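Colleague: I am new to this structure and would like to know what the terms used for it rest on. Please take me through them.

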Amino acid sequence: MIESLPHIKNLDSGNFFLIAGPCAIESEETTRLIAEKLVELTDKYKIPFIFKGSFRKANRSRIDSFTGIGDEKALNILANIKEEFNVPVTTDIHESSDAEMAAAYVDVLQIPAFLVRQTALVVAAAKTGKAVTLKKGQFLSPESMQFPVEKVTESGNSNVAIIERGTTFGYQDLVVDFRGISTMQQFAPVIMDVTHSLQQPNQSSGVTGGKPALIETIAKAAIAVGADGLFIETHPDPKNAKSDGANMLDLSKMEDLLKKLIRIREAIK
């Protein structure tokens with residue numbers, strides 16, 4: 001998938017690739033600050049990079065949760081990041097009608113975990129011709145991810161990857177079965193979602209919790225078992241982020257983490 005993306009750099013480095021950015025597009029200023037730092041780091045360490053930001057957060061528990069700054073405004077910010085920093089960008093979509101709209105601005109369409117079985121949504125994304133990433137549902141086995149992948153490829157689109165984001169464990173926790181990475185690599189490249197695999201969903205407050213202290217642990221393990229890429233949400237002030245702050249990596253800690261992960265990658269090659 002990644003080789004087909006416009007503006008992708010550092011493909012000859014042998015490194016894992018990185019999808020990173022804020023959970024949601026909050027403002028142009030914050031988005032640009034995050035993008036600037038991530039581009040600086042991934043250029044410095046020769047990591048293929050895709051910038052991520054949700055233009056709309058549709059799957060919130062509470063009606064008063066932040067859902068976005070407006071579709072067109074947020075998508076224009078993503079397009080500006082792509083143009084200014086010369087990097088591919090990605091966002092998630094939630095309805096079939098979102099596919100064509102978002103495809104006019106971004107290079108990769110992400111299907112959320114809760115919606116990965118929605119045939120119309122997956123097919124609509126595939127038919128845009130953009131690359132598609134499929135979040136593995138918390139309720140799905142690794143083996144079952146062959147079927148969403150087939151929905152994309154049988155719609156005439158071979159540019160597809162799977163994102164592992166943990167499996168439901170009880171009501172309020174997730175676990176990662178690292179055996180699933182090699183299983184799913186039989187179907188498509190596999191990206192480890194370090195952020196959402198550390199969520200603690202279904203809290204009584206209606207706001208998802210998380211375990212950000214384990215970001216490094218999950219990321220290291222994913223690289224050690226051969227994941228093709230990593231998905232990490234990051235923010236300069238996670239405690240005050242408008243969405244999923246409990247899971248995001250503080251932007252100031254990204255460089256140290258990437259240096260450690262590159263050494264692991266080199267060791268296993």
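Colleague: How many cavities of 30 Å³ or more does a search of the whole structure find?

Modeller: The search finds one. Before going on: this is a predicted model, in which local features need pLDDT of at least 70 and side-chain atom pairs count only at pLDDT 80 or more, while totals for chains, interfaces and linings use all residues. Residues are numbered from 1 along each chain as its sequence is written, and side-chain values use heavy atoms, with hydrogens and water left out.

Colleague: What makes a space a cavity, and what makes it a pocket?

Modeller: Both are sets of points on a 1 Å grid over the protein atoms alone. In a cavity a 1.4 Å probe fits but cannot get out, whereas a pocket is an open set with protein on both sides within 12 Å along at least five of seven lines. Lining residues have an atom within 4 Å of a point. Points are joined across faces, edges and corners, and the volume is the space filled by probe spheres set on them.

The largest cavity has a volume of about 40 Å³. Its lining consists of His7, Lys9, Asn10, Val39, Thr42, Asp43, Ile47, Phe49 and Val87.

Colleague: How is the lining of the largest cavity divided into nonpolar, polar and charged residues?

Modeller: It has four nonpolar, three polar and two charged residues. Ala, Val, Leu, Ile, Met, Phe, Trp, Tyr, Cys and Pro count as nonpolar, Asp, Glu, Lys and Arg as charged, and the others, Gly among them, as polar. By that rule the lining of the second largest pocket has nine nonpolar, one polar and six charged residues. That pocket holds about 330 Å³ of space, and Pro212, Ile215, Leu249, Asp250 and Lys253 lie nearest its centre.

Colleague: Why is His7 called partly exposed?

Modeller: Buried means under 20% relative accessible area, exposed over 50%, and partly exposed in between (1.4 Å probe, protein chains only). His7 has 37% relative accessibility, so it counts as partly exposed. Lys46 is partly exposed too, because its relative accessible area is 46%.

Colleague: What makes a set of residues a nonpolar core?

Modeller: The members are buried Ala, Val, Leu, Ile, Met, Phe, Trp, Tyr and Cys residues joined through side-chain atoms within 4.5 Å. The largest such core has 68 residues, and Phe51, Ile93, Ile111, Leu134 and Leu230 touch the most other members. A second, separate core of 13 residues includes Met1, Leu5, Phe17 and Val108.

Colleague: How do you know that β6 and β9 pair?

Modeller: Two strands pair if DSSP finds at least two bridges between them, and strands themselves are DSSP runs (E, at least two residues), numbered from the N terminus. Strand β6 (residues 160–164) and β9 have three bridges, in the parallel sense, so they meet the cut-off of at least two. Three bridges also join β9 to strand β12 (residues 229–235), again parallel, and Met192 stands opposite Leu230 there.

Colleague: Which residues show that both faces of β9 are covered?

Modeller: Val190 and Met192 on one side, and Ile191 and Asp193 on the other, are all buried.

How values were computed
Helix = DSSP H or I, 4+ residues; strand = E, 2+ residues; numbered from the N terminus.
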